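Trainee: I've just opened this one and I'm new to it. Could you walk me through it, one question at a time?

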Amino acid sequence: MLDPIVSFFARVFHAIGKGLGLLIGALLWPFLWLGRWYTRRGWILRAVVGAIVAGIIGLYGYFFYVTQFWTNFNPDYPALLVQARSTTGAGEPVAAASGATSSGAAPPAQSCKPSAIAGIAADLIDFNVNQNAWISSMLVSKAGLFGIEWRNTPFFDNKAAFQLGINQVLRRTTTELVDTLGRVRGTSQIDQNLQDARTAMAWSETAWYIGWRGPTRPSPSVFRDGIEKLRAFNASLERCQATFDARADNLMQFLDRMAGDIGSTSDILRQRIELSDAGWFDLRADDRFWFAYGQLYAYYGILVASRSDFGSVIAERNLTVLWTRMEENLRASLNVQPWIISNGNESSAIFPSHLATMGFNLLQVRSNLVEIRSVLDR
């Protein structure tokens, strides 16, 4: 009675095993063929091919390492600014230290407070390109996985998306520093250091040593120029040779730009939520999530720095409570760090929607920005 059933399942399992064997054989056949071809060549050709293969394996190994290990990732990175808060705005005169300097020279007669926004922006660039490798311009990143873009695979793209989110904020910040906040003292002339920093941050995020138009500079090399220029601006500001225009209307415009930027990212998340509810199997959800996370990570530092640079405005308009609440909400949103990003239906009990959670956090921060802006506009 059981013999026909046993025989049927035996044939089924045999067919499955044979099918899997054929599939594995088809996948391994190119490598087996290359192995046979390689062993039949002369030693010179084998040495050249072996060096090329070893180089490719080394490049992918390094790429794996730098994409999986995040150096100095710390959501509390602006902690020193939080501890050193005052109501003195950036560019305002501060008391010079008494006594001689370490070199024996007399201290400067007057010094001004440097910009925390410029300082944090320089630190974030340093975090992106010096403390960590810049992923998007690496050769293996541009080549993809056997020609498939990394963002279309579940591998090695989270850190790149995070870095691009930070870089989006840095581009916005350097633009605002040039257009409204930083000027040459006594004139309406654009500060050249800030102009150079903005130009550096506008550089292509995927540039390598060779582009479509020939030799070029890779992205991290140009971004490092931005660090130098931002710190040069702060050095001039500290010597009272530049100015930081810490007016309420400039702060209001800066907050408007931030709110618009965050709103655009929220729309991108919403579009992805509406396009797919594949849960853990949505291969584009992690890109969207970590890009938005990078924006929040950077904006947290920029907004803490803005409180320092616009200290007098915030004190005069009684914005301390609102600003503190915004910082707390923003910092709490950085605690959401899932191992695997899921883009499930928002009513699903099995597949969570991390994109919806991130979208809510973005809109909460945007709501705080709008509330502070409305107070400034009164």
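Trainee: Let's start inside. Which residues touch the most other members of the largest nonpolar core?

Mentor: Keep in mind as we go that this is a predicted model. The largest nonpolar core has 73 residues, and helix 10 (residues 285-309) gives the most to this core, with 14 residues. The members touching the most others are Ile117, Leu230, Phe244, Leu255, Phe310, Leu369 and Leu376.

Trainee: Which residues is Ile117 in contact with, leaving aside its neighbours within four places in sequence?

Mentor: Ile117 is one of the residues touching the most other core members, so a contact here means heavy atoms within 4.5 Å. Two of its partners, Phe244 and Phe310, are also among those core residues. Here is the whole list for Ile117: Thr173, Leu177, Leu181, Phe244, Phe254, Ile302, Ala305, Ser306, Asp309 and Phe310.

Trainee: Zooming out for a second, what share of the protein chain's residues count as buried?

Mentor: The protein chain has 13 helices and six strands. To count as buried, a residue needs under 20% relative accessible area. Of the 378 residues, the share that passes is 42%.

Trainee: Now the rings. Is the pair of Phe162 and Tyr293 stacked, tilted or edge-to-face?

Mentor: There are 20 aromatic pairs in the count. For Phe162 and Tyr293, the ring centres are 6.1 Å apart and the planes sit at 45°. Planes under 30 degrees apart count as stacked and over 60 as edge-to-face, so this pair, falling into the rest, is tilted.

Trainee: How many residues apart in sequence are the parts that Phe162 and Tyr293 tie together?

Mentor: Both of these residues are buried. Phe162 belongs to helix 6 (residues 158-181), while Tyr293 belongs to helix 10. That means the pair ties together parts whose separation in sequence is 131 residues.

Trainee: What about Phe162 with Tyr297: stacked, tilted or edge-to-face?

Mentor: Here too both residues are buried, and the pair joins helix 6 to helix 10, so it ties together parts 135 residues apart in sequence. Phe162 and Tyr297 are 5.2 Å centre to centre, with 70° between the planes. Because planes over 60 degrees apart get that label, the pair is edge-to-face.

Trainee: On to charges. How far apart are N and O in the salt bridge of Asp123 and Arg231?

Mentor: The count comes to 14 salt bridges. This one links Asp123 in helix 4 (residues 116-129) with Arg231 in helix 8 (residues 219-238), 108 residues apart. Asp123 is partly exposed at 40% relative accessible area, and Arg231 is partly exposed at 41%. The N to O distance is 3.1 Å.

Trainee: Is Glu327 buried or exposed?

Mentor: Glu327 lies in helix 12 (residues 320-333). Beyond its sequence neighbours, Glu327 is in contact with Arg85, Tyr300, Leu303, Val304 and Arg307. Its relative accessible area is 8%, and because the cut-off is under 20%, Glu327 is buried.

Trainee: Which residue forms a salt bridge with Glu327?

Mentor: The closest N and O atoms of this pair are 3.6 Å apart, and both residues are buried. The partner sits in helix 10, so the pair ties together parts 20 residues apart in sequence. It's Arg307.

Trainee: Last one, on the surface: which residues form the nonpolar patch that includes Val48?

Mentor: Val48 is found in helix 2 (residues 43-68) and is partly exposed, with a relative accessible area of 45%. The patch has about 550 Å² of accessible area together. Its members are Trp43, Ile44, Val48, Ile52 and Ile56.

Methods: Residues numbered from 1 in each chain as written. Predicted model: local features only at pLDDT ≥ 70, side-chain atom pairs only at ≥ 80, totals over all residues. Heavy atoms only, no water. Patch = residues over 30% accessible without salt bridge, like charges linked within 9 Å, V, L, I, M, F, W, Y side chains within 5 Å. Areas by Shrake-Rupley, 256 points an atom, 1.4 Å probe, with all protein chains shown as cover. Salt bridge = Lys/Arg side-chain N within 4 Å of Asp/Glu carboxyl O. Helix = DSSP H or I, 4+ residues; strand = E, 2+ residues; numbered from the N terminus. Buried < 20%, exposed > 50% of the residue type's maximum accessible area, 1.4 Å probe, protein only. Core = buried A, V, L, I, M, F, W, Y, C linked by side-chain atoms within 4.5 Å. Phe/Tyr/Trp six-rings, centres within 6.5 Å; stacked < 30°, edge-to-face > 60°.
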